[in-house]
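Here is a set of questions about labels and the values behind them. Each reply sets a value against its cut-off and concludes.

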Amino acid sequence: MDSQAIATQPVHGHDEHAAHPPYLRHHFATVEQQRETASFGMWLFLLTEIMFFGGMFAAYLIYRNWYYPAFVAGSHQLSIFLGTFNTAVLICSSFTMAMGVHAAEMKWRKPLVGWLLATIVLGCVFLGVKADEYHEKWEKHHVPGLNFSVQDFTHPSAQYKEEPPLPMDMAQKTQVYFSLYFAMTGMHALHMVIGISILLVLVVRAWGGAYTHGHMTTIENFGLYWHFVDIVWIFLFPLLYLISRHQ
Amino acid sequence: MSEHTPHEVEVLDTEPTHHSEHIVSPKIYGVIFGALLLGTGLTVGASYLELGIFNPIVAIAIACIKAVLVILFFMHVKYSSRLTKLTVAAGFFTFIVLITMTLTDYMSRAWGLW
């Protein structure tokens, strides 16, 4: 059995190998190969994320076909202004993240820290607006399962007087819309929270020069994650906020 | 411990799997950033137009264009190796297949007849 040899560090040191940068792992032939491998792995992870969000998008698609009037009425309860604002904020944060990756590629330490901090701030602005929207949903009794009333849909208030009142059975189905709204934006927000947490670590390490003296694969792969979260929102925004706004 | 002969290392090196060292310029990021904001404005504007069945189609089309811009430029896929391009394409292709099969099943059932 050779398990001991697997479990422990090899005793022979670096001197037996050709000289290589400290961040090049032994099982890779070149830095490029290591970088490519990490990128490939990150993409495989993102594909599983596509399938994860894809399940919710499929549910959305079918329920929207079944209960279209309820989806229209539910969608009209969302603020287009806040949705558009948040979309712009998220696109800005993707831009700052892309600039951060560029700063890391150029080995600029302080610009890298600055761009990462800007990304954190924009991410927090997004979450703040999202929290405000959730709070409004709570106050309007639009949270299925916890605090829900069909009142706004069976008897639209003066503020929404152009909205046709829904029959009771369809008004109940707005719960399906709001369930999907909270599930999809909630999972998206969770990804943002995780992203911001990782960014905080990255900023501290970037300040210490971890990515400008070593290699920047971590920054590059985190950028892929952040842009992926942005792409999810790019689809969520029109699907949740912009259903039949012309009505 | 297996040892790489110099020849093996050489073969690995010449495989077209490595990242190109292309650094995307901030100018391109700026242009894409502007295009994404424009797309957001367009999708909001289009939602107020009465386009009938084309409302959701236009919304999805604009979202797809924005997503492709993010993937190609912000996520560097345009400048990546063929392995990465194939991985991304295969992932989205599989996703489309799954959605299509789900909808095919949904549409072809005799709803309410069993």
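This is a predicted model: local features need pLDDT of at least 70, side-chain atom pairs count only at pLDDT 80 or more; totals for chains, interfaces and linings use all residues.

Q: What makes the two chains count as being in contact, and how many residues take part?
A: Contact asks for heavy atoms within 4.5 Å. Chain A brings 50 residues to the contact and chain B brings 53 residues.

Q: How much area do chain A and chain B bury between them, and on which atoms?
A: The area is what the two parts lose on being put together, summed over both. That comes to about 4,600 Å². Carbon and sulfur atoms hold 78% of it. On the side of chain A, Glu36(A), Trp43(A) and His246(A) supply 15% of the area buried against chain B, more than any other three residues.

Q: How many residue pairs are in polar contact across the interface of chain A and chain B?
A: The rule finds 3, with both residues at pLDDT 80 or more. The cut-off is a pair of N or O atoms within 3.5 Å.

Q: Which helices of chain A each supply at least two residues of the side that touches chain B?
A: They are H2 (31-66), H4 (80-105) and H10 (217-241) of chain A. H2(A) gives the most, with 19 residues.

Q: How do the residues of the side of chain A that touches chain B divide into nonpolar, polar and charged?
A: There are 30 nonpolar, 12 polar and 8 charged residues. Gly goes with the polar group in this scheme.

Q: What is the secondary structure of chain A, in helices and strands?
A: Chain A has 10 helices and 2 strands. From the N terminus, the order is α-α-α-α-α-β-β-α-α-α-α-α.

Q: How many helices and strands are there in chain B?
A: Chain B has 4 helices and 0 strands. Its pattern along the sequence is α-α-α-α.

Q: What share of the contacts with a separation of 6 or more comes from residues 24 or more positions apart?
A: For chain A the share is 79%. For chain B it is 57%.

Q: Why is Gln77(A) called buried?
A: Its relative accessibility is 4%. The cut-off is under 20%. Gln77(A) therefore counts as buried. It sits in the loop between H3 (68-75) and H4 of chain A. Its side chain makes a polar contact with the side chain of Lys140(A), at 2.9 Å.

Q: What makes H3(A) mostly covered?
A: Of its 8 residues, 6 are buried. These are Ala70(A), Phe71(A), Val72(A), Ala73(A), Gly74(A) and Ser75(A). They pack against H2, H6 (151-154), H7 (168-172), H8 (174-207) and H10 of chain A.

Q: Why does Met97(A) count as buried?
A: Its relative accessibility is 0%. Buried needs under 20%, so the label holds. Met97(A) lies in helix H4 of chain A. Leaving aside neighbours within four places in sequence, its contacts include Leu116(A), Leu199(A), Phe222(A) and Trp226(A).

Q: Why is Thr43(B) called buried?
A: Its relative accessible area is 4%, so the label applies. The limit is under 20%, with the protein chains as cover. Thr43(B) is in helix H2 (residues 26-47) of chain B. Beyond four places in sequence, Thr43(B) touches Phe237(A), Pro238(A), Leu242(A), Ala59(B) and Ile62(B).

Q: Why is Leu190(A) called partly exposed?
A: Leu190(A) has 41% relative accessibility. Buried is under 20% and exposed is over 50%. The value falls in between, so Leu190(A) counts as partly exposed. Leu190(A) is in helix H8 of chain A. Its C-alpha atom is 9.6 Å from that of Leu127(A), 63 residues away in sequence.

Terms used: Residues are numbered from 1 along each chain as its sequence is written. Chains are lettered from A and ligands numbered from 1 in the order in which they are written. Side-chain values use heavy atoms; hydrogens and water are left out. Buried area is the accessible area (1.4 Å probe) that two parts lose on being put together, summed over both. A polar contact is a pair of N or O atoms within 3.5 Å; within protein, one must be able to donate a hydrogen and the other to accept it, and residues adjacent in sequence count only if both atoms are side-chain atoms. Buried means under 20% relative accessible area, exposed over 50%, partly exposed in between (1.4 Å probe, protein chains only).
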